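Please look through the sequence and the model shown here.

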Amino acid sequence: MYAAFLVVHSLLRWAVLVLAVVVIARGVSGMRSGRAFDATDNKLGAAFLGSVHLQVLLGLALHLGLSPIVSAAMAAGGAAMRDKVLRFWMVEHLSMGLLVAVLVTVVRVRAKKLPTDVAKHKFVALGTVAALVVMFAMIPWPFRPRVGRSLLPSPTVSAH
Ligand code: HEM
Ligand code: HEM
């Protein structure tokens, strides 16, 4: 169960990142050309938001019981805050992930209400850039000291 959730959470990160880049590219091009905010923009926005929601739901399941590292952090109590690795998983990854979900949801809901297509493109592009920056900061990239993980889920994933 743990390994399956972790593998899907790890892979889904790529779908989230690719969709974010596509949404930003279309937002920027739409802003510059002044073209309409069309059905494709709307579908891509919904797909991006859905991928983030699913990612956060999987993350919550990992956080609230499946992940041994989070359980260890919880058991360590206050001491976990002084341990960089435990604090990363218990607090930083969780809070930044939730922030991404809130940001992306607010961007979609508010963009729909904006009066012009250029305003929609601009708001979506800027909001999605902000979400992408937070995601880059929270992902346990392989080059990150101590918390780094591989770019693709490894077969020994359950040994974490
Ligand atoms: C943890 C529980 C979840 C909450 C609280 C939540 C909340 C929301 C909210 C507030 C919106 C914006 C609705 C609007 O446009 O007015 C939304 C949209 C959406 N959510 Fe979630 N969501 C959750 C889980 C999920 C999951 C698990 C998925 C996918 C499997 C998902 C997929 C989507 C999609 C695709 C949209 C865009 C719909 C659209 O605008 O066409 N959500 N969600
Ligand atoms: C857009 C949001 C998110 C992205 C891009 C993301 C990405 C990742 C990545 C790449 C990993 C490493 C997977 C591996 O070891 O192969 C991971 C692990 C994990 N994530 Fe997320 N995550 C997100 C949101 C969340 C949220 C909101 C939570 C908690 C509510 C969460 C909880 C976890 C946990 C508990 C682990 C595994 C720790 C372990 O047992 O090793 N994630 N995440």
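In which helix is Ser10 found? Ser10 belongs to helix 1, which covers residues 2-33. The model is a predicted one, and the values discussed below are computed from it.

The side chain of Ser10 makes a polar contact of 2.9 Å with the side chain of Arg13. Leaving aside residues up to four places away in sequence, Ser10 touches Leu152 and Pro153. Ser10 also faces a ligand: an N or O atom in its side chain is 3.2 Å from an oxygen atom of ligand 2.

The surroundings of ligand 2 can be taken next. Ligand 2 is surrounded by 25 residues. The closest of these are Tyr2, His9, Ser67, His93 and Arg149. For Tyr2, an N or O atom of the side chain is 2.5 Å from an oxygen atom of ligand 2. For Arg149, the distance from a polar side-chain atom to an oxygen atom of ligand 2 is 2.6 Å.

Is Leu152 buried or exposed? Its relative accessibility is 52%, and since the exposed class begins over 50%, Leu152 counts as exposed. Together with Leu11 and Leu151, Leu152 forms a nonpolar patch on the surface. The accessible area of these three leucines together is about 270 Å².

The charged pairs remain. How many salt bridges does the model contain? The count comes to four. One of them joins Asp38 and Arg26, with the closest N and O atoms 3.3 Å apart. This pair links distant parts of the chain, since Asp38 is in the loop between helix 1 and helix 2 (39-66) and Arg26 is in helix 1, twelve residues apart. Both partners are partly exposed: Asp38 has a relative accessible area of 31%, and Arg26 has one of 23%.

Arg26 has a further partner. Arg26 also forms a salt bridge with Asp41, and here the closest N and O atoms are 2.7 Å apart. This pair too links distant parts of the chain, with Arg26 in helix 1 and Asp41 in helix 2, 15 residues apart. Asp41 has a relative accessibility of 7%, so Asp41 counts as buried, whereas Arg26 is partly exposed.

Another salt bridge is formed by Glu92 and Arg87, whose closest N and O atoms are 3.0 Å apart. Glu92 counts as partly exposed at 26% relative accessibility, and Arg87 counts as partly exposed at 25%. Which residues are joined into one network by salt bridges that share partners? They are Arg26, Arg35, Asp38 and Asp41.

Notes: Residues numbered from 1 in each chain as written. Chains lettered and ligands numbered in written order. Predicted model: local features only at pLDDT ≥ 70, side-chain atom pairs only at ≥ 80, totals over all residues. Heavy atoms only, no water. Patch = residues over 30% accessible without salt bridge, like charges linked within 9 Å, V, L, I, M, F, W, Y side chains within 5 Å. Areas by Shrake-Rupley, 256 points an atom, 1.4 Å probe, with all protein chains shown as cover. Salt bridge = Lys/Arg side-chain N within 4 Å of Asp/Glu carboxyl O. Buried < 20%, exposed > 50% of the residue type's maximum accessible area, 1.4 Å probe, protein only. Near = heavy atom within 4 Å. Polar contact = N/O pair within 3.5 Å; in protein donor to acceptor, adjacent residues only side chain to side chain. Helix = DSSP H or I, 4+ residues; strand = E, 2+ residues; numbered from the N terminus. Contact = heavy atoms within 4.5 Å.
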